[in-house]
Amino acid sequence: MYELIAKNKRKSIVVFVSMGILMITLGGAIGWVADYGYGNGVYIGILVAIILWAIQALIAYKQGAKVVLAEANAKEIRQQDDPMLYNIIEELSMVSGLPMPKIYLIETSAMNAFAAGTKPENSVVAITRGLRERLNRQEIQGVMAHEMSHIYNRDVLYMTFASVMMCTIVLISEILMRSFFYGGLSRRRSNDKNGGVAQIIIILLIIAFALFAAFLARLFYFSLSRKREYLADTMAVNFTHDPSALANALQKISGDKTDFNPGKMATAMCISKPNLKTRALNMFSTHPPIEKRIAILRAMGEGTSYENYCQAYETIMGKNDLPQNQ
C-alpha cells in the first residue's frame with residue numbers, strides 16, 4: 001500500500017509539472033503582449049506568473065483549511081457536542097495512526113463530507129447535518145474513514161496546491177484575454193501600418209492557447225481528484241473492514257438531490273460531487289461515477305485488501321487501470 005501511495009504521488013508530480021509549464025507559458029505570453037514582443041516582457045511575464053503562484057501557494061499552505069471551511073460555512077464541534085461522531089473519528093485516528101483532526105459541521109440538509117488541511121497535524125474533517133442525521137453509525141464510519149484516507153494519502157495537500165495552480169492559470173488566462181481586448185490588439189493594429197498580418201496571426205494563436213490552457217488546467221486538476229477517490233475508498237475499507245457500510249452510505253448519498261456549493265476548493269474534496277446550482281460549474285467531473293464506486297465495493301464481498309478492490313474494480317469496469325501495488 002505504501003508503494004501504491006508513492007506511485008500516486010509521482011503521478012501527481014507529473015501533473016503539477018505540466019500545470020507549471022502551462023502557467024509559465026501563459027505568463028510569458030502576457031509579457032510578450034505587454035511589450036509587443038520587442039523587449040524583455042516575456043521574462044518579466046514569467047517572473048510575475050511565478051510570483052503570483054508563490055503568493056497564492058503560501059496563503060493556501062498557511063490558511064488553506066480555514067479558507068475551505070469559511071467557504072463552506074462550517075462550524076467546529078467538540079466531543080460534548082456530538083460524542084458518537086467524535087468517538088468514530090477518534091477510533092479511525094487510532095487505526096490509521098493519524099493525529100485526531102478537528103471536526104466541523106456544515107448546516108445543510110445536503111449529504112456530503114470532506115477533509116482539508118496541508119498536513120496531518122492541521123487537518124480537519126467536515127460533515128453536513130444532512131449526512132450526520134440520515135446515516136447510521138457504520139455508514140458514518142465508512143464515510144469518515146474515506147475522508148481520513150485522504151488525509152493519510154496526503155490527498156488534501158496535493159489537491160490544495162493543484163487548486164491554487166489551476167486558479168492561477170485561469171486568472172492569467174483571463175488577464176491575457178483582457179489585455180488583448182482592452183489594449184493590446186487595438187494598439188497593435190494602430191502601430192502597424194502594413195496591416196500586421198503576422199502579428200494578428202500570433203495574437204489569434206495566443207488567444208486560442210489561453211482558452212485551451214484554462215480548459216486543460218481544469219482537466220489536469222480533476223484527473224487528480226477522480227483516481228484519488230478510488231484509492232480513498234479502498235483504504236477506507238482497509239480501516240473499517242466493512243465494504244458494505246461505505247457502499248450503503250454512498251447509495252444514500254447518491255439519492256440526495258439537495259443543492260450544495262461548498263466552494264471551489266472543497267468541491268473536489270467532497271466524498272461525492274456536490275449538486276451545484278450553476279450549470280457552468282458542472283462542466284467538469286471531479287469524481288468518478290458514484291454508481292461504479294458502489295458496485296465495486298459490493299463486488300468485494302468479504303475481502304478488504306487492495307487486491308480484492310482491484311479484482312472488483314476490474315469486474316465492474318472491465319479493465320484495471322488503477323496503480324498496481326507491487
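The protein chain has 11 helices and 4 strands, where helices (H or I, at least four residues) and strands (E, at least two) are DSSP runs numbered from the N terminus. This is a predicted model, in which local features need pLDDT of at least 70 and side-chain atom pairs count only at pLDDT 80 or more, while totals for chains, interfaces and linings use all residues. Residues are numbered from 1 along each chain as its sequence is written, and side-chain values use heavy atoms, with hydrogens and water left out. Of the 326 residues, 52% count as buried (under 20% relative accessible area; exposed is over 50% and partly exposed in between, with a 1.4 Å probe and protein chains only). Among contacts (heavy atoms within 4.5 Å) with a separation of 6 or more, 70% are between residues 24 or more positions apart.

- The 4 strands form an open sheet with mixed pairing, in the order 1-2-4-3; two strands pair if DSSP finds at least two bridges between them.
- Strand 1 (74–77) and strand 3 (113–116) are the edge strands, each pairing on one side only.
- On average, neighbouring strands are turned by 30° against each other, direction ignored.
- Strand 3 and strand 4 (residues 124–128) run antiparallel and are joined by 4 bridges.
- Ala-113 has Ile-127 of strand 4 as its bridge partner.

**Helices on the sheet**

- Helix 2 (residues 41–72) packs on the sheet and touches strand 1, strand 2 (102–106), strand 3 and strand 4.
- The direction of helix 2 makes about 155° with that of strand 3; axes are lines fitted to C-alpha atoms, for helices over the stretch in contact, and angles run from 0 to 180 degrees between N-to-C directions.
- Helix 3 (residues 83–96) also packs on the sheet, touching strand 1, strand 2 and strand 4, and its direction makes about 135° with that of strand 2.

**Helix 5 against helix 8**

- Helix 5 and helix 8 (residues 243–254) pack with their axes 8 Å apart, at an angle of about 90°.
- Helix 5 is therefore roughly perpendicular to helix 8 (65 to 115 degrees; under 35 is roughly parallel, over 145 roughly antiparallel and the rest oblique).
- Helix 5 contributes Gln-138, Glu-139, Gly-142 and Val-143 to the contact, and helix 8 contributes Ala-245, Leu-246, Asn-248, Ala-249, Lys-252 and Ile-253.
- By class, this contact has 5 nonpolar, 3 polar and 2 charged residues; Ala, Val, Leu, Ile, Met, Phe, Trp, Tyr, Cys and Pro count as nonpolar, Asp, Glu, Lys and Arg as charged, and the others, Gly among them, as polar.

**Aromatic pairs**

- The whole structure holds 2 aromatic pairs; rings of Phe, Tyr and Trp (its six-membered ring) pair if their centres lie within 6.5 Å, and planes under 30 degrees apart count as stacked, over 60 as edge-to-face and the rest as tilted.
- Tyr-152 and Phe-239 are edge-to-face, at 5.9 Å centre to centre with 80° between the planes.
- Tyr-152 is in helix 5 (residues 137–152) and Phe-239 in helix 7, so this pair ties together parts 87 residues apart in sequence.
- Both Tyr-152 and Phe-239 are buried.
- Tyr-230 and Tyr-313 are also edge-to-face, at 5.2 Å centre to centre and 90° between the planes.
- This pair links Tyr-230 in helix 7 with Tyr-313 in helix 11 (residues 306–317), 83 residues apart.
- Tyr-230 is buried at 5% relative accessibility, and Tyr-313 is buried at 2%.

**Glu-229**

- Glu-229 lies in helix 7 (residues 197–240) and is buried, with a relative accessible area of 1%.
- Leaving out residues up to four places away in sequence, Glu-229 touches His-146, His-150, Ala-268, Cys-270, Ile-271, His-287, Pro-288 and Arg-293.
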